[in-house]
Amino acid sequence: VSDTGIGIPKEKLGLIFGRFEQVDRTITRRYGGTGLGLAIVSQLVQAMHGRIWVESELGVGSVFHFTAQFALATAEANTAMPSLPSARVLIVDENATSCRQLEECVRNWGLRPTVALRAEEAVQVLAHPETESHPISIVLLDTKCGQLDESGLTHVLEGLIDRGGMIITMPSPGHPAARHLPMEGVVAHATKPIRASDLYQALVLGLQPSDATAPPATMPAEVAAGERSLRILLAEDGLVNQKVARAMLEKQGHRVEIVVNGKLAVERAQNESFDLILMDVEMPEMDGLNATQTIRLNEQQRGSGHVPIIAMTAHAVAGDRQRCMSSGMDGYVSKPIRPQDLFTVIAAVTHEGH
């Protein structure tokens, strides 16, 4: 880690990693600081079985070096995350630094990124003849990118969607998504500042649509003879997950009502009749676990029937299933939801054959 600045005298180099040490006592008043930062860093490095040292020149600056030891990832950890298919990705963002970071991320995941700093550049890339032979599968789009409509990008994106491409928007906090985007092609929103894990999950959803948006070919397109069309309450605050789940369920002939938090789910379950509730675990105002406990309590007080509740959660780790079952849920599916898994659980908790 290097910087330019006032530098450190050689006779002081051995002192700066001590607690409450300053090279010059007047710096505390001129620049702030307590003299604890490097002491804490030194302890962290030692805890990781490494060492830290500094090289400095007065009036030029300083360079800090450190080493640390880390364990190798296990085979289980390497296979825990789903792999991404090799695909072309177009990154549209006016911020050059953001583009470089996103480009590095997606390239490390085996994707082939192309960068456009302006909407006009994106139009040229998508309209280039090379795109026909090596099509772009997904667009990462900063919704603050100027002149989305005037540049013709919206129209070009509609063509991308028609060819099976998808969009992940990257809105900034408080900034609305572009109003005229082809929303049927927007598979996810990754709000800035973007965490790599969030972007990865969004890409998994976007680049593996066969698992996330359509039932396998062996599943009937509508409810077969002898099977019930269920009235299902879907409690989910994520727009993309709402769309995906609704599409899967309605293709099976079921009727879907959507609420965006646990509190509303409790109210609807108390005032209306449903054959099944799909309950997201993490939601605002009231989470899925508390909502389920409240619904079960209401059922006991009214003496009404038991409505099957299936948990939907991205936290597929040991103990999560037990937490869901302990709250009163009847089944459990992990996100991103796979149609076969969902319908298997639905059949089990409703005793419906598929």
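Predicted model: local features only at pLDDT ≥ 70, side-chain atom pairs only at ≥ 80, totals over all residues.

Student: What makes Ser62 buried?

Tutor: The term buried applies under 20% relative accessible area. Ser62 has 6% and is therefore buried. This residue lies in strand β3, residues 61-66. Among the residues that Ser62 touches are Val1, Gly7, Ile8 and Val54.

Student: Why is the pairing of the side chains of Ser62 and Ser56 called a polar contact?

Tutor: The cut-off for such a pair of N or O atoms is 3.5 Å. The side chains of Ser62 and Ser56 are 2.9 Å apart, so this is a polar contact.

Student: How do you know that β1 and β3 pair?

Tutor: Pairing requires at least two bridges. β1 and β3 have three bridges in the antiparallel sense, and therefore they pair. Asp3 stands opposite Ser62 in β3.

Student: In what order do the three strands of that open sheet stand, and which are the edge strands?

Tutor: The order is β1-β3-β2, with antiparallel pairing. β1 (2-4) and β2 (52-57) are the edge strands, since each pairs on one side only. The twist from one strand to the next averages 10°.

Student: What makes β5 and β8 edge strands in the five-stranded sheet?

Tutor: That open sheet has the order β5-β4-β6-β7-β8 and parallel pairing. β5 (112-116) and β8 (186-189) each have a single partner strand, so one side of each lacks a neighbour in the sheet. On average, neighbouring strands here are turned by 20° against each other, direction ignored.

Student: How do you know that β6 and β7 pair?

Tutor: Four bridges join β6 (residues 136-141) to β7 (residues 166-169). The requirement is at least two, so the two strands pair. Thr169 in β7 is the bridge partner of Leu141. Helix α4 (residues 96-108) packs on this sheet, touching β4 (88-92), β5 and β6, and its direction makes about 165° with that of β5.

Student: Why is β12 described as mostly covered?

Tutor: Five of the five residues of β12 (residues 309-313) are buried. Ile309, Ala311 and Thr313 point one way from the strand, whereas Ile310 and Met312 point the other way.

Student: Which strands pair with β12, and in what sense?

Tutor: β11 and β12 pair in the parallel sense over four bridges, and Leu278 stands opposite Ile310. Four bridges also join β12 to β13 (residues 331-334), again in parallel, with Ala311 opposite Tyr332.

Student: What makes the unit of β11, α12 and β12 right-handed?

Tutor: With the strands pointing away from the viewer, a path from the first strand over the helix to the second that runs clockwise is called right-handed. The β-α-β unit of β11, α12 and β12 is right-handed, so its path runs clockwise in that view.

Student: How do you know that the buried residues of α11 lie on the same side of the helix?

Tutor: In α11 (residues 262-271), the buried residues are Gly262, Ala265, Val266 and Ala269. They cover an arc of only 100° around the axis, which puts them on the same side of α11. Their cover includes β9 (231-235), β10 (255-259), β11 (276-280) and α12 (288-302).

Student: What caps the N-terminal end of α11?

Tutor: Asn261 does, with a side-chain oxygen 3.1 Å from the backbone nitrogen of Lys263.

How values were computed. Residues numbered from 1 in each chain as written. Heavy atoms only, no water. Buried < 20%, exposed > 50% of the residue type's maximum accessible area, 1.4 Å probe, protein only. Arc of directions from axis to C-beta. Contact = heavy atoms within 4.5 Å. Polar contact = N/O pair within 3.5 Å; in protein donor to acceptor, adjacent residues only side chain to side chain. Axes fitted to C-alpha atoms, helices over the stretch in contact; angles between N-to-C directions. Lists of a residue's contacts leave out its neighbours within four places in sequence.
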